[in-house]
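Subject: Structure handover

Hello,

Here is the structure for you to look through. My notes follow below it.

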Amino acid sequence: ESEVKKLINSVSWYHSIEINGIIPIDIRTSLQYQRWAAQNIPDDLSGKSVLDLGCADGFYSFLAESRGAKRVVAVDFIKWDGFDVAKKLLDSKVEHKILKVEDMDQLKEKFDVIFFFGVYYHLANPVDALQKIFLKVNERAFLAGHIIDSSEPLMCYYDEFEMHPNDDSNWWAASPSCITQIAKRVGFKDAKLVDRLYQREMLSFQSDEAKNSICRLGHIGVFEFTK
């Protein structure tokens, strides 16, 4: 147990992944939030192929494997330190590829299920990303991310460090109807908001400055798109 704990705490983590009852200390997202998002995806992924876009440390990739997925491919523009640690300790077969979302058409295969969590608002062109996802998915895709409280189909631009004081990579936040209407326009038969969460409930580990900046957006939404 001491060796596992030492290995887990030897790297910085994006996700909070519980392994053998041990949770990393240096994290950027909370386990509580991740479990909330995870409850909105199928409990049974038996026999499915899964693509996790923007996988970070692979929390949702390893979750899909634990729920029976026959093949899981985790993609991000870098390999986060925690991924290899988690893969080793979980004795996982999840594959990792270094690839930007914009270049996902380089993947030659299609997947039954695609996860797109915490990514769209980091992209200069999220519509293009949803078009590419539509072409790569067989059954359904799940998106999670910041949303603005509006019944109108709006997308708001955020300047560098405006959404988060320690992160200059954010571009947008959209209303639920904006996201669902775009998903339908690119080809999905159905698109819906399946759950939303008030963000302040999940930010206990963030600084007051980060809380105030992030919480101006209000909520995080989980969406499901089906073909």
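Is Glu-95 buried, partly exposed or exposed? Glu-95 is partly exposed, at a relative accessible area of 28%. Here buried means under 20% relative accessible area, exposed means over 50%, and partly exposed lies in between (1.4 Å probe, protein chains only).

First, the ground rules. This is a predicted model, in which local features need pLDDT of at least 70 and side-chain atom pairs count only at pLDDT 80 or more, while totals for chains, interfaces and linings use all residues. Residues are numbered from 1 along each chain as its sequence is written, and side-chain values use heavy atoms, with hydrogens and water left out. Helices (H or I, at least four residues) and strands (E, at least two) are DSSP runs, numbered from the N terminus.

Salt bridges

A salt bridge is a side-chain nitrogen of Lys or Arg within 4 Å of a carboxyl oxygen of Asp or Glu. The whole structure has ten salt bridges. Here are some of them.

- Arg-71 and Glu-95 pair through their side chains, at 2.7 Å from N to O. Arg-71 sits in strand 2 and Glu-95 in strand 3, so this pair ties together parts 24 residues apart in sequence. Arg-71 is partly exposed, with a relative accessible area of 24%.
- Arg-196 bonds to Asp-149 in a salt bridge, with the closest N and O atoms 3.2 Å apart. The two are 47 residues apart and link distant parts of the chain: Arg-196 is in strand 8 (residues 190-198), Asp-149 in the loop between strand 5 (137-147) and strand 6 (155-157). Arg-196 is partly exposed, at 37% relative accessibility.
- Glu-18 pairs with Arg-35, and their closest N and O atoms are 2.6 Å apart. Glu-18 lies in the loop between helix 1 and helix 2, and Arg-35 in helix 2, so the pair ties together parts 17 residues apart in sequence. Glu-18 is partly exposed, with a relative accessible area of 37%. Arg-35 is partly exposed too, at 47%.

There is also a network. Salt bridges with shared partners join Arg-71, Glu-95 and Glu-109.

Helix 2 against helix 3

The axes of helix 2 (residues 31-38) and helix 3 come within 11 Å and cross at roughly 50°. Axes are lines fitted to C-alpha atoms, for helices over the stretch in contact, and angles run from 0 to 180 degrees between N-to-C directions. Contact means heavy atoms within 4.5 Å. Helix 2 brings Leu-31, Tyr-33, Gln-34, Ala-37 and Ala-38 to the contact, and helix 3 brings Phe-59, Tyr-60 and Leu-63.

Helix 4

Gly-82, Phe-83, Val-85 and Ala-86 are buried in helix 4 (residues 81-90). The buried residues of this helix pack against helix 1 (2-8), helix 3 (59-66), strand 2 (71-76) and strand 3 (95-98). Just after helix 4, Asp-91 takes a positive phi of about 50°.

Helix 6

Thr-180 is in helix 6 (residues 176-185). Thr-180 is buried, with a relative accessible area of 12%. Neighbours within four places in sequence aside, Thr-180 is in contact with Ala-191, Lys-192, Leu-193 and Phe-223.

Best wishes
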